[in-house]
Every structure is written in structure tokens, then in C-alpha cells.
Amino acid sequence: MSQSVKTFGLFGLVALLILGTGFVQSWNSALLILNMGLVSALMALGVNLQWGFAGLFNVGVMGFVALGGLATVVIAMPPVRAAWAAGASGVLAALAVGALTLALAVWVTRRMARGWPRALVSLSVLVAGFVIYRALFDPAVAEIERIDPALTGYLGGLGLPVVLAWPVGGLLAAGAAWVIGKTALGLRSDYLAIATLGIAEIIIAVLKNEDWLARGVKNVIGLPRPVPYEIDLQNDPAFVERATGLGIDVTTASTLYVKLGYGLMFAVVLIGVLVLAQLALSSPWGRMMRAIRDNEVAARAMGKDVTARHLQVFVLGSAICGVAGAMMTTLDGQLTPASYQPLRYTFLIWVMVIVGGSGNNFGAVLGGFLIWFLWVQVEPIGAAVIDLVTSGMADGSWLKAHLQGSVQHMRLLTMGVILLLVLRFAPRGLLPER
Amino acid sequence: MDILNALVVLANFVLIPAIAYGAQLALGALGVTLIYGILRFSNFAHGDTMAFGAMVTILVTWALQGWGVSLGPLPTALLALPFGILGCMALVLLTDRLVYRFYRAQRVKPVILVIVSMGVMFVYNGVVRFVIGADDQRFADGERFIISVRDFKALTGLEEGLGIRTTQGLTVVTAVITVALLFWFLNRTRTGKSMRAYSDNEDLALLSGINPERVVMITWLLVATLATIAGTLYGLDKTFKPFTYFQLLLPVFASAIVGGLGSPVGAIAGGFVIAFSEVGITYAWKKVAEYLLPEAWEPDSLLQLLGTDYKFAVSFVILVIVLLIRPTGLFKGKSV
Amino acid sequence: MADPFLIGEAMTGGYGKGPDILHECTIAVDKGEIAVIVGPNGAGKSTAMKAVFGMLDVRSGAVRLDGREITALSPQDRVARGMGFVPQTSNIFGAMSVEENLEMGAFIRRDDIRGTMEQVYDLFPILRDKRHQAAGELSGGQRQQVAVGRALMTQPQVLMLDEPTAGVSPIVMDELFDRIIEVARTGISILMVEQNARQALEIADKGYVLVQGRNAHTGSGKDLLADPEVRRSFLGG
């Protein structure tokens with residue numbers, strides 16, 4: 001079976017699975033899976049760029065996805081004028097001082113000779129900078145968070161169209177990736193992994209605790225949408241007429257319309273990125289990347305600037321994850337920092353890439369859809385299995401109750417088993433790199 | 001100025017918690033570093049291995065408590081610990097047989113093993129949550145304090161109190177015994193030496209007739225023991241929650257890397273470096289300062305460098321600094 | 001003619017699935033003798049010795065030790081049969097003490113190893129002084145002594161050395177050769193690969209000159225040193 005036939009076949013299978021969900025469960029569920037599948041596929045493309053193309057081991061996907069989420073708040077929410085007046089200048093000044101301090105410290109370490117004086121000077125720069133930063137930052141934040149804390153208590157956003165948040169989310173993620181890459185790339189692969197794991201946790205900690213930024217665990221809800229609200233559609237006579245004309249219940253029709261709207265927008269982004277990734281893969285740049293991945297020493301000996309290339313691809317891949325994160329938060333309509341879990345937003349994406357086929361863009365996309373479908377459907381399937389297993393047990397037995405209560409944890413188990421099986425029996429994934 | 005009270009506050013809020021936490025991290029990091037030294041990969045499933053061992057211990061503890069067995073002032077979990085270790089040993093040996101051995105025979109690149117360990121992580125995580133749920137579990141019993149704050153105040157007449165929880169004392173004692181036994185094993189026994197030889201120079205070890213599969217098996221047994229003890233002590237001292245154990249991966253790895261991956265002494269040093277930094281940087285020093293500084297200089301702020309929620313940031317920053325300045329860690333680890 | 005004590009006869013083979021490096025190459029050493037393999041770079045000297053030790057696939061030909069066929073045995077099994085091997089690089093456990101290195105050398109033995117250890121210390125007295133020091137911290141020559149000592153701990157009948165003097169100073173080289181002669185006097189056969197062909201042939205009972213994986217010249221060390229063609233091609237006149 002040729003690779004392209006296999007590609008078509010597997011994508012056809014995924015389409016069938018989603019269509020099947022539509023027929024068996026509901027079209028709403030099917031579209032929900034499709035939309036998150038599109039977002040997941042985009043994240044998988046980003047990780048594939050880093051791992052499949054360049055062999056970079058990034059386990060901080062969650063952090064970049066969350067930064068994308070932050071972008072939606074910063075771009076799309078209406079500004080809280082009172083908070084801006086109260087503390088924006090202080091916060092911005094503090095952040096500027098912070099950035100300046102770090103820059104100065106880096107400059108000092110670059111310019112001075114190794115030894116105690118250097119350590120002392122850079123340390124005192126850092127300490128002094130930190131004290132000034134806190135002196136500016138703390139009161140400003142207190143001011144901002146005092147403004148109507150139950151509803152706002154944060155700076156709000158810029159009030160721009162939410163779709164603008166997608167590229168901005170990519171930029172935010174790219175910026176963070178640049179900083180991480182500058183420090184951690186060039187270290188051994190396991191170290192990069194731990195470093196990215198750590199930065200992701202820190203980003204989530206910032207989102208959870210910096211209430212002035214995005215309300216922390218109080219969440220930002222009611223993000224503006226790029227598509228109409230269902231209720232508006234239901235009140236729109238033209239829409240009602242068309243829905244009834246098609247013989248669909250108006251409420252259902254409105255939800256389907258909204259989801260289809262998201263799906264189309266996501267599909268445009270995914271296809272765009274996929275085309276770009278394919279072009280990159282077959283370009284001289286892509287060939288060089290793979291050459292570096294396969295033999296870093298030889299590539300270095302040929303005069304390739306391996307670290308710079310790695311930084312490039314790391315920033316690009318992270319940016320894609322940021323875009324996907326912004327899209328996801330747009331779809332959710334809210335930013336809930338507590339919901340970011342590494343197993344779901346980092347390691348699940350890795351399962352997608354590995355299962356789909358690392359190094360193959362179509363593989364990553366396939367993995368995104370397939371694994372997302374399973375992630376959603378394992379729970380009802382698991383519940384059915386458990387019901388079958390426990391059907392013989394007496395009602396009210398603790399084991400039966402326990403098993404039925406634990407169904408949700410089948411997901412993690414299944415994902416692990418799938419990953420291990422694929423690694424064992426198809427180590428290059430369902431759609432291997434050519 | 002009141003040095004005595006300042007010291008007591010310091011001990012109560014920084015030194016003692018950090019020592020206990022450092023001991024737990026050190027035990028965790030020892031497991032990571034052993035796997036790295038012998039099997040040559042970073043085991044992402046280690047946090048969940050700790051969770052599994054602790055879970056078995058908890059289940060046995062509950063059973064013992066149900067039968068009315070207790071250790072008096074000490075937690076019943078101590079009695080259950082050997083069963084937890086055995087359970088964890090069974091788990092990791094089974095995993096090695098079903099999963100890792102295949103890749104070892106293929107001599108795959110270490111990063112592939114890391115990805116494999118991600119799969120194992122998912123499975124362990126799922127198993128633990130499936131069996132015991134995702135919520136907090138309490139299993140500590142026995143006497144709560146070796147010395148309570150109130151007793152300490154009554155005893156010394158100081159303004160400030162110093163409380164030492166049983167679990168903190170137990171953590172330190174158990175960790176010291178465990179580490180002493182481990183080092184005796186590695187440095188004094190033939191099998192331990194063969195493990196070090198294998199870690200040092202695999203080809204020469206094979207040439208010397210050291211059986212790699214045996215070395216690997218013993219490594220897993222040690223890792224299971226260390227992970228279960230670390231997990232149980234952490235659970236007793238704080239709380240058992242599967243997700244917390246997964247999150248421990250970061251400080252545990254930071255400890256192992258800061259100390260030098262592959263170096264057991266380094267793992268212990270790294271554990272304490274990370275623990276003291278985390279506790280010290282997220283502690284509000286106001287109270288200590290109040291005792292030490294003249295009244296006029298007393299600070300208005302809490303003197304807290306970072307909120308406690310940023311403790312990951314501390315591990316991370318120390319990790320990055322050490323990696324940039326001394327990539328092999330404080331005690332020269334292996335750099336593959 | 002009776003077989004020599006150890007012989008790799010007409011060995012042809014290479015690494016893994018790679019091309020043949022050795023072609024009908026024969027290497028042998030008798031009890032208590034020193035046999036030296038010399039030749040230009042890339043002649044397959046180390047490969048020939050590794051073939052005798054079972055570290056590459058011998059596709060045709062045979063290896064016999066004391067008259068018994070050992071061609072199919074793994075290197076570990078050959079160690080158990082009385083062969084000792086000192087690799088050219090990473091031939092010590094750098095993070096372990098000298099004494100621990102010797103202990104690990106004797107890992108397959110279950111009897112008392114203290115006597116053998118004393119013999120090694122008598123042969124290399126400097127190691128006795130440094131026995132608690134990490135082997136990786138010793139000088140190049142001392143490390144080679146540790147490496148040879150480690151291989152002697154199994155009380156082998158044949159000791160194989162892969163370029164033992166690579167990277168050590170001429171004085172240290174002379175000393176190492178003296179020690180190797182001493183080892184041979186105890187009845188242990190020595191098979192070694194050497195870059196320093198002239199010095200090695202001077203102490204050799206038997207010499208093998210390999211060119212492109214084939215036996216080019218074979219003879220006693222003296223004969224080879226006297227052979228004008230060998231002198232011209234390999235010894236620089």
C-alpha cells in the first residue's frame with residue numbers, strides 16, 4: 001500500500017469516526033470533536049516541527065498554549081479604564097525596570113571577566129533591580145486589583161477583534177520560546193525537556209496568580225466571539241426561516257451554525273499552516289533541518305549554525321502552539337488557568353505526534369484528530385465496558401460503585417497504552433516520515 | 001534585637017520544613033539519578049512511580065487501621081511501607097519486562113526511552129487514579145507532634161514556638177537510614193560495585209562478566225524502594241494526591257540535575273539545595289526581621305521574595321543557573 | 001604440527017553487516033610467548049585481535065584456544081575460558097578506585113582474589129600506593145597499568161592488549177614493555193597490537209605484519225626486524 005493511499009485511508013477513517021459520532025450521538029458532539037480536533041492538529045503540527053523536523057524535545061507545550069489563551073484576553077476583552085488609570089503606569093514601569101535589570105545583568109556578565117567581582121556586580125544589579133521592581137509593582141497591582149474585584153480587578157484588554165488574538169498569541173509564545181531557547185537550546189535533550197517542563201509550570205503559575213493580568217483563578221469569562229451568538233441567530237427571522245426550511249429545530253440549527261463557523265475558521269488556519277509546513281519540509285531549509293537532526297556533528301562540521309537553526313524552529317513551533325492556544329480559548333469563550341494540566345496539554349499532544357508519525361506533517365494532523373477523538377470517546381466506551389463488567393455484580397457493592405466512579409481515569413490509561421503500543425509496533429507512527 | 005526568638009521562628013518556618021522536604025526530594029532524586037546512571041535515560045514516570053508506591057502503602061495502611069493494628073505514636077504507614085515497596089517493585093519489574101527491555105535490546109537512543117517513559121507515566125497515572133481516585137487522601141495517624149508549638153513555648157518561655165511534626169522527624173530519620181544503606185550497598189557490596197562499574201563504563205563492565213540484566217533488575221528494585229519511601233514520606237508529611245506527585249517531577253529532576261545526573265551524592269545535595277531555596281525564597285521573612293532589626297527599621301512589607309505558588313519557578317531558576325555555569329552539576333555527573 | 005595455544009586461523013570477517021575487513025588472516029600465539037601485530041594505519045590490526053576475541057563476526061575461519069574451538073563464543077565466555085582483553089580506550093572504571101577496578105576485573109571469579117591482587121600489586125607497585133585513589137585521576141601510564149592489572153585479575157592464560165602504549169611518553173612506554181615481558185615470563189601468552197612497530201618487534205617472539213587485512217609478513221621479531229622489505233615498508237628504513 002503506497003503512502004498516499006494509506007494517508008487517504010486513515011484520514012477517511014477519522015472522517016468516518018466523526019461522522020459516526022454525528023449519526024450515533026449527535027451532530028453537536030461531532031462538531032465539538034471536529035473543532036477541538038482541528039486545534040489539536042495545529043498543536044501537533046507545532047510539536048512536529050520541533051521534534052519531527054529538528055529533534056527538539058519540548059515538553060512545555062502547555063505553557064505556549066496558555067500564552068495563546070492569555071493573548072485572547074489581552075486583545076479582545078474591553079479595557080477596564082479605572083484599572084488602567086489606577087495602576088497601568090506603575091505595572092508597566094515595573095515591568096520595564098524588570099526587563100532593564102535583566103538586560104543589565106546579562107550585559108555585565110558579558111562584559112566583565114569571570115570571577116568574584118563579576119558575580120558580585122551582577123548579583124547586586126539583580127537585587128537592586130528586584131527591590132525597585134517590587135516597590136513599583138506591588139502598590140500598582142494592589143490598586144488594579146481593588147477595582148471591582150468581583151467583576152474585573154484586572155487591566156482588561158485592548159477591546160480589539162478576537163481573531164487578532166490568534167497571531168498575537170503566536171507572537172507571545174514565540175517571544176517566550178525565544179527566551180527559553182536562548183538559554184536552554186544547546187544543552188542536552190533531557191535538560192531542554194526539563195527546562196521546558198518548568199517554564200510551562202511557571203507560565204501557568206503566572207496566569208493563576210497575577211490577577212491584574214487576567215484575573216488569575218477567578219477566570220475571565222465571556223470573551224468576545226468571532227461568530228454570532230446562538231440566541232441572536234434564534235431571534236433572527238431569516239435564520240429561523242432557513243432552519244425550518246431545512247427541517248432542523250432552530251436551537252439545534254443555531255448551535256450547529258456557530259460550531260460550523262468556528263470549524264471553518266480553524267480549518268482555514270490549519271490548512272494554511274499545513275501548507276506552509278509542507279513547503280518548509282521540502283525546502284532547502286527543511287532538508288537542512290533534517291540533516292542537522294540526523295547528524296548534528298556532521299552538520300556542524302559543514303559550517304551550519306546548528307544552535308541558530310534550532311532556535312528558529314523552536315520559536316516557530318512554539319508560535320504555532322500559541323496560535324492554537326488562542327484559538328482554543330476563543331472556542332471556549334473563557335480563560336480558566338486552573339484547567340491547564342500538563343498531561344492534557346503537553347503530553348497528550350506528544351501522543352498525537354508520535355502516534356500520527358513524527359516528521360510527517362500529515363501524520364501529526366492525523367494524530368491530532370485521531371487521538372482527540374479517542375480522548376473524548378474513551379470515556380463513554382469505558383463506561384460501557386465497565387457497565388458490562390459490573391453487570392453481574394450486586395447493586396450497591398463497593399467495587400461496582402468504585403469501578404463506575406473511576407471510568408474517567410480510563411482515559412489516561414488508554415492514552416498510555418496506545419502510546420506504548422505504537423512505540424513498540426509502529427515506532428515511526430501511523431504515517432511514517434518518507 | 002532578639003536573636004533567640006528569631007532563630008526559633010527561622011527554624012520553625014524554614015529550617016525544619018526545608019530539611020524534611022529536602023530529604024524527600026533527595027530520595028526522589030536518588031531514584032532518578034540511579035535510572036539515569038544505569039539505564040541512561042530521564043525517567044518521566046518517576047513521579048508516578050512514587051505515587052504508585054505510596055498508594056499501595058496507603059491501601060495497606062487502611063487495611064491495618066481497619067484491623068486495629070497500630071504502631072502507637074508512630075504512623076501505621078511505617079508498617080505498611082514494606083508492602084508498598086514490594087508492590088512498587090512488582091510494578092517496575094513488570095514494566096521493565098513488558099516495555100523497557102525491548103528497547104534496551106535494540107539499543108535505542110536515550111530520548112526514545114524518555115518518550116517511552118512518557119507512555120509509562122500515562123499508564124501509572126491512570127492506574128493510580130483508577131484505584132485510589134484523583135483526590136486528597138489522608139493516612140497519617142499516631143502522635144501528630146514530637147514537640148508542639150505550645151509545649152515548646154511552655155518549656156522555654158520564649159515568645160515564639162517551635163513545632164516538630166512526627167512526620168518531619170520520621171522523614172529525616174528514615175531518609176538517613178535509607179541513604180546510609182544505599183551507600184553501603186553501592187560502595188561495599190560486590191553487586192553494588194558492579195552497578196557502579198556498569199554505570200561508569202558499560203563496555204568494560206560487560207567484558208568483566210557483569211550481567212547487565214541483573215544490574216538493571218537490581219537498579220529497578222532500588223528505584224522502587226527509594227520511590228516508595230520518598231512517596232510515602234511526602235504523603236505523610238503533606239498529603240497524598242496523584243497530581244501533586246506528577247508535579248514533583250520538576251523539583252525532583254531539578255535536584256538530580258543540579259547535583260549532577262548519575263551522581264548519588266549529588267542527588268542528595270541537589271535535593272537540599274532545591275528545598276532550601278524553595279522554602280527560603282517563598283517564605284515571608286518579616287517576622288524574623290522584626291526580631292533582628294531595631295524597631296525603626298522594621299519593614300512594612302512581608303519580605304517575601306516570591307509567592308508560594310511560584311515555588312516551581314525557584315527550582316527552575318536554580319536549575320537554569322547551574323546548567324549555564326556548570327552543566328555537569330555540582331558533583332560531576334555523567335554527560336552522555 | 002601441533003596447534004599453537006591460541007590461534008585465529010584464516011579469519012575472514014567484518015563488523016555487523018559491513019564489508020569484510022579481514023581476509024584469510026591468521027594470528028597465533030604460544031604459551032608464554034609475546035606475539036605482536038603491526039602494520040600501517042587501517043591494516044586491520046585491532047580488528048584482527050578483536051576477531052580473535054569474538055568482537056566481530058568471523059564469517060569463515062576458526063578461533064581455537066588450547067585446541068578447542070571457540071569461534072562461536074561471546075567475548076564474555078572467552079574471558080571465562082582464560083582470555084584477558086585490554087581495550088585501547090576507556091579501559092578502566094574512571095570513577096572507581098584502583099582496588100575496585102581490580103575487584104571488578106575479577107567479577108567472574110567466586111574464589112579468594114586477594115592473592116591475585118597481591119601479584120598485580122607486585123607487578124605494578126605504584127598501584128599499591130594508589131589503590132584507594134580514583135583510577136580516572138591517575139596519569140596515562142598508571143591508567144594503563146590499572147587496565148592491564150584489571151585484565152590480569154581473572155588469571156588469564158592469554159592477555160590481549162590493544163595498543164597499550166598509545167599516547168604515553170617513550171619512558172613510560174619502555175616501562176610498560178618491561179612489565180609486559182614480566183607478565184609473559186609468568187607463562188601468560190601475550191597478543192598485542194602496536195603502533196610503535198620497532199620497539200614492539202624487539203620484544204616479540206613472533207610478529208605479524210598485516211596489510212589491508214591480510215598477512216603480509218610473519219616471522220620472529222628478530223627476523224622481521226632484519227627483513228629488508230619489512231624495514232623499508234614499515235619501519236622507515
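In the predicted model, Tyr208(C) lies opposite Thr218(C), a residue of strand 10 of chain C. Strand 10, which spans residues 214-219 of chain C, is paired with strand 9, residues 206-211 of chain C, in the antiparallel sense, and five bridges join the two. Two residues lie between the strands of this hairpin, and Gln212(C) adopts a positive phi near 50° there.

In chain B, helix 2 (residues 46-66) packs against helix 10 (residues 242-259) at an angle of about 135°, the two axes being 7 Å apart. Because of this angle, helix 2 of chain B is oblique to helix 10 of chain B, and the crossing of the two helices is right-handed. On the side of helix 2 of chain B, the contact is formed by His46(B), Gly47(B), Asp48(B), Met50(B) and Ala51(B), while helix 10 of chain B contributes Pro242(B), Tyr245(B), Phe246(B), Leu248(B), Leu249(B) and Val252(B). Classified by residue type, this contact of helix 2 with helix 10 of chain B comprises eight nonpolar, two polar and one charged residues.

Between chains A and B, the contact draws 34 residues from chain A and 34 residues from chain B. On the side of chain A that touches chain B, the elements giving two or more residues are helix 7 (189-209), helix 15 (342-356) and helix 18 (410-425) of chain A. Of these, helix 7 of chain A gives the most, with 14 residues. The composition of this side of chain A, taken by class, is 22 nonpolar, seven polar and five charged residues.

Methods. Residues numbered from 1 in each chain as written. Chains lettered and ligands numbered in written order. Predicted model: local features only at pLDDT ≥ 70, side-chain atom pairs only at ≥ 80, totals over all residues. Pairing = 2+ DSSP bridges. Helix = DSSP H or I, 4+ residues; strand = E, 2+ residues; numbered from the N terminus. Contact = placed C-beta atoms within 7 Å. Nonpolar A, V, L, I, M, F, W, Y, C, P; charged D, E, K, R; others polar. Axes fitted to C-alpha atoms, helices over the stretch in contact; angles between N-to-C directions. Parallel < 35°, antiparallel > 145°, perpendicular 65-115°, else oblique. Left-handed = near helix turned anticlockwise from the far one by under 90°.
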